[in-house]
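Subject: The structure, and what turned up in it

Hi there,

Here is the structure we talked about. Have it open beside you while you read, and look up each residue as we reach it.

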Amino acid sequence: MKNSILSVRFILKLTLSFLAILLLAGIGYTITSIYLSNKYFYETTQRLHANLAQDLIEEKFRDTQPFDSIGNVNKALFGDIMHDMMAVNRAIEVYLLDLEGNVRYSVVLDHDAPETKEKQVNLAPIQQFITESGSNYVLGDDPKDLTKQTIFSAARFNKDGHEGYIYIILAGEDFLATRSDLFNSYFMRLGLGGSLLTLIFATLLGVLAIWYLTRSLRKIIYAAKRFQQGDLEYRIENAEKTDLSNVATTYNSMADTILSDIEKIKSVEQLRQELIANISHDLRTPLSIIQGYIETLHMKDSELSSEERGEYLSMVSKSSERLSKLVSQLFEYSKLEANQIQPEKEPFLISELANDIHRNYSLLAQQKNIDLKLSMADNVPLVFADISLVERAIQNLMDNALKFTPEDGEVTVKLESKEDHVEVTIKDSGPGIKKDNQALIFERYRQTKAGQEKEGAGLGLAIVKKIMEIHDSSIKVFSKPNEGTTFSFSLPIYAVG
């Protein structure tokens, strides 16, 4: 229900945003249309009446005197001119300018118009208009209000020693006011009607478009809802082909990751249970032996011979050592797993380390009648690694090999130089490991039963694996039942310089 509400809200917001954009676009379109329409009207009017002033001079000034003997304007003549021109176009206003642009006389329809004499019109647009013969769109000063620009027709005259300009405003103030009222009314009706129809159709189209465009989003929401309800296997079909392919594929990937993490958590929980069981078993055994022999010593101390007493104390000592070793392994592995141990890498001779380990384990091998061999060339190069951690890994592998190799068996330590690394191999002649179990022996606390009771919880090999991981290497195993087991890992050769 909550997801549905969120979906409706989202679609509503998209719809309102779409309408707002449409409204702004409509306002912008209307303003642009008005501006372009006005410009089109003015430019067309000016182009059509470009020669009006020149025609006036040629027709009216040819056989008449626009000025009297003392230089005054012939008002009767200009009255007749205005009467004739108004019969054709009531929007015009005629002005007589001197060479400096001063208004000497004006003939306008509105007799109550503000006084225009003693006003000076900018001649630059007029001269440009005359030079270009009215072929381009030019705005000039409005003598009634010099702050405004309007369309005009102009021509220069020279009559009886009098020079100046005929300056005709093609869209007078009264005409513009009337046109503005009609124009605004027209656009008001057009705007209201057009806007209403546009909003209706745009709303319908917008809702359909948003419904169509958000179908992929609804699929994602539905998938998330299914996942929330516990259907962890549900995925968006053909995610890469949807409109929101990036989001859909990311969701599927996220769901896979979450499912994988859940499986890992379950696995960790299972391993935790195994850890508790295995540690309890491994700790209980030596503790039970120690407790049992100590109780026997307390209860039957006077009845025991010195040989029996020594045997009991020896068993207590061995169990104590086993317990100490197990606790040490647990502590070491926990630090490795928590990344609390960082390798201090340095160049060293792996051959010397192998010789030391071979010498240290020779006595233990002799006690079990095991033939311990060391095979390596004389020129094994330096390797670059943490010598103490590598020693610990080899010791764990040696302990493992001697533990599972029966009497009269054989254990071989081999060093072999490759192109850029040295391979360390430890091979035993023990019972071997089944192929199905080879991937499990390096897991923490994992037991692989092979008819032996001395396999323990497998921490030694788990520690080796961790040591190899922090050295950017890996531990490999090769084994077959009844044919022994071989462990190997590689260390990089130290490059001088």
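Predicted model: local features only at pLDDT ≥ 70, side-chain atom pairs only at ≥ 80, totals over all residues.

Residues are numbered from 1 along each chain as its sequence is written, and side-chain values use heavy atoms, with hydrogens and water left out.

**The overall picture**

The protein chain has 11 helices and 13 strands. These are DSSP runs numbered from the N terminus: helices are H or I with at least four residues, strands are E with at least two. Of the 497 residues in the chain, 36% are buried. Among contacts (heavy atoms within 4.5 Å) with a separation of 6 or more, 66% are between residues 24 or more positions apart.

**Back to threonine 405**

You will find threonine 405 in the loop between α10 and β10. A polar atom of its side chain lies 2.5 Å from the backbone oxygen of alanine 401. Leaving aside neighbours within four places in sequence, threonine 405 is in contact with Lys368, Ile370, Glu410, Val411, Asp428, Ser429 and Gly430.

A nonpolar core is a set of buried Ala, Val, Leu, Ile, Met, Phe, Trp, Tyr and Cys residues joined through side-chain atoms within 4.5 Å. The largest one here has 46 residues, and Ile350, Ile394 and Met398 touch the most other members. Elements that give two or more residues to this core include α8 (306-337), α9 (350-367), α10 (387-404) and α11 (459-470), along with strands such as β11 (421-428) and β13 (485-492). Which element gives the most? That is α10, with 8 residues.

Helix α10 has 18 residues and reaches 26 Å from its first C-alpha to its last, close to the 26 Å expected at 1.5 Å a residue. The expected span is 1.5 Å times one less than the number of residues. Its buried residues include Leu389, Ile394, Leu397, Met398 and Phe404. Not counting residues up to four places away in sequence, isoleucine 394 touches Ile350, Leu353, Ile357, Val424, Ile426 and Phe489.

Helix α11 has 12 residues and reaches 17 Å, close to the 16 Å expected. Among its buried residues are Leu459, Ile463, Val464 and Met468, and the buried residues of α11 pack against α8, α10 and β13. Just after α11, aspartate 472 takes a positive phi of about 55 degrees.

**An enclosed strand**

Why is strand β1 (residues 93-97) described as largely enclosed by the rest of the structure? It is because 5 of its 5 residues are buried. In a regular strand the side chains alternate between the two faces of the sheet. In β1 both faces are covered: Glu93, Tyr95 and Leu97 are buried on one side, Val94 and Leu96 on the other. Strand β1 runs antiparallel to strand β6 (residues 162-169), and 5 bridges join them; two strands pair if DSSP finds at least two bridges between them. Valine 94 has isoleucine 168 as its bridge partner in β6.

**Aromatic pairs**

How many aromatic pairs does the structure hold? There are 3. Rings of Phe, Tyr and Trp (its six-membered ring) pair if their centres lie within 6.5 Å; planes under 30 degrees apart count as stacked, over 60 as edge-to-face and the rest as tilted. Phenylalanine 129 and phenylalanine 152 form a tilted pair, 5.1 Å centre to centre with 50 degrees between the planes. Phenylalanine 129 is in helix α4 (residues 123-131) and phenylalanine 152 is in strand β5 (residues 152-159), 23 residues apart. Phenylalanine 129 is buried at 2% relative accessibility, and phenylalanine 152 is buried at 0%. Phenylalanine 384 and tyrosine 494 form a stacked pair, 5.8 Å centre to centre with 25 degrees between the planes. Phenylalanine 384 is partly exposed, with a relative accessible area of 31%.

Happy exploring!

Key: Buried < 20%, exposed > 50% of the residue type's maximum accessible area, 1.4 Å probe, protein only. Polar contact = N/O pair within 3.5 Å; in protein donor to acceptor, adjacent residues only side chain to side chain.
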